[in-house]
Amino acid sequence: MNGVELAYAGAAEQARLVRSGEVSAREVAEAALAQIERLDPRLNAFRTVLDVQALAEADRVRPGGEGPLLGVPVAIKDDTDVAGEVTTWGTGAAGPPAREDSPLVARLRDAGAIVVGKTNVPELDLWAFTESKTHGKTRNPWDPSRTPGGSSGGSAVAAATGMCGVGHGTDGTGSGRNPAAWCGLVGLKTQRGRIPARTGASGWHQMVVHAALGRRVADVAAFLDATGGAGFGAAANQPPARLRVAMTLKVPPGISAKVGDDQRAAVHRAAEALRALGHDVQERDPSWPRSLYYAIDVRYLHGVSEDAATLPDPDRLEPRTRRAARLGRPLGALVGWSRRVERRAAAALDELHREADVLLFPGSVQGPPEVGQFDGRGAVYTLQKDTANVAFQPPWNLVGRPALMLPAGLDADGLPLAVQLGGRVLDEATLLSLAAELAPHLGWDAPRPPFDAVPEAAFT
């Protein structure tokens, strides 16, 4: 297996190869670092690369060891502490280097993972595109004129291009699933509390959770085995019993968005594939409360205001970020009301789950926008238009339940399509099991993005 093939093998296979002694952890790390050296100048996935440290860590890994991520290169989103590195949040207003690893990074290291670097985010994780004045624009490897999404866009690009075996993300209003959808990845938003580690500065009043981004279902399952408890890899290797699946294409209330034709067709193809696999699929729409998105915006914007207040030099934030923080300051008084809306939203899902085990719905409602589309735009305009692209994702952050993004072929422009699966409380295992069974039937076999065929001028 050459270096490029090893880089694209993904976390689960890389760990197996290291455990068996077929390859060394150093070989895996060198393969990932070679991809970073070759590709990242064009794609800008990484804010910093820890090459010397990663190779030293890899040299300490011995064949036959244990751990679901033994010898696997992992990219850490730059909103999570890695000892000795600044956590920048995509801004120039950040503080000193972190004194120690976050609990999540410590768990990854305990599971054998090798941290190869920290990946770019939009300022304060605010947007569904990964661009900042401080750290530049991150580009989609399927079309470098497009965004990879955000806010975990850097980790998504790294995972999609073999710069890491699996990418770490966080997901506050779809921030992990959105870039997974636009980069052709499996993206798992975990159950609130599944990974008992701090997420973000304020956590946006419990909406932000950790996420995993990988080229295959087995890769994100291995990440969850490492950070959230055992048994998820086994679930991904075991087809589920016959399930009842509720399918919806109805945009949640409070957001102006239209599901694109390609995205709608992807959901219908997934439904037909599930039926062919023996599952019962029926169209059913959740009875979301009408105030759903108002409750989400309360926590999102007030959380941003709290995050901005923690920075040592908030005056250095971009004007659009400062405006979003100002919008959020007075909303703290409404957080209690937002929690009441959350309970109504959870009750709506509970009602649906009396007749269905899993919910099937669109990924993003359209393909990724062009890089720079929101340059010079204000906070309100960006919030409205940006959120519309990910309309089906934030409700799962409000209720705190698991959701999984699954690649589902290509659209008319040759860009990745995706569908989502939403699950019951604490039931990531069913999502992983069903996703692994469904994935081969959606016309997607973890292909490599075609960036090598793209002219260099497209990256400027």
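A pocket, as the word is used in these legends, is an open set of grid points with protein on both sides within 12 Å along at least five of seven lines. The views below all come from a predicted model.

**View 1. The second largest pocket and its lining.** This pocket has a volume of about 380 Å³. Its lining is made up of 16 residues, and those nearest the centre are Ile255, Ser256, Leu383, Gln384 and Lys385. Two elements give two or more residues to this lining: α11 (292–309) and α14 (379–388). Look to α14 for the largest share, with six residues. Sorted by class, the lining of the second largest pocket holds eight nonpolar, six polar and two charged residues.

View 2. The lining of the largest pocket includes ten nonpolar residues, along with six polar and six charged ones.

**View 3. Helix α8, mostly covered.** Helix α8 runs through residues 217–228, and at 1.5 Å a residue its twelve residues should span 16 Å; the C-alpha atoms at its ends are 16 Å apart, so the two values agree. Ten of the twelve residues in α8 are buried. Among them are Val217, Val220, Phe223 and Leu224, and the buried set also takes in Asp219 and Thr227. Just past the end of α8 you will find Gly229, with a positive phi of about 115 degrees.

**View 4. The largest nonpolar core.** This core gathers 55 residues, and Leu69, Leu108, Leu360, Leu406, Val419 and Leu432 are the ones with the most contacts inside it. Helix α8 returns in this view, giving the core its largest share, seven residues.

**View 5. Around Leu360.** Leaving aside residues up to four places away in sequence, Leu360 touches a run of residues at Val245, Ala246, Met247 and Thr248, among others. Its contacts also include Val267, Ala270, Ala271 and Leu274. Val419, Gln420 and Leu421 touch Leu360 too. Of these neighbours, Val419 is listed with Leu360 among the residues with the most contacts inside the largest nonpolar core.

Terms used
Residues numbered from 1 in each chain as written. Predicted model: local features only at pLDDT ≥ 70, side-chain atom pairs only at ≥ 80, totals over all residues. Heavy atoms only, no water. Helix = DSSP H or I, 4+ residues; strand = E, 2+ residues; numbered from the N terminus. Expected span 1.5 Å × (residues − 1). Buried < 20%, exposed > 50% of the residue type's maximum accessible area, 1.4 Å probe, protein only. Nonpolar A, V, L, I, M, F, W, Y, C, P; charged D, E, K, R; others polar. 1 Å grid on protein atoms, 1.4 Å probe; cavity = no way out; pocket = protein on both sides within 12 Å on 5 of 7 lines; lining within 4 Å. Points joined across faces, edges and corners; volume = space filled by probe spheres on them. Core = buried A, V, L, I, M, F, W, Y, C linked by side-chain atoms within 4.5 Å. Contact = heavy atoms within 4.5 Å.
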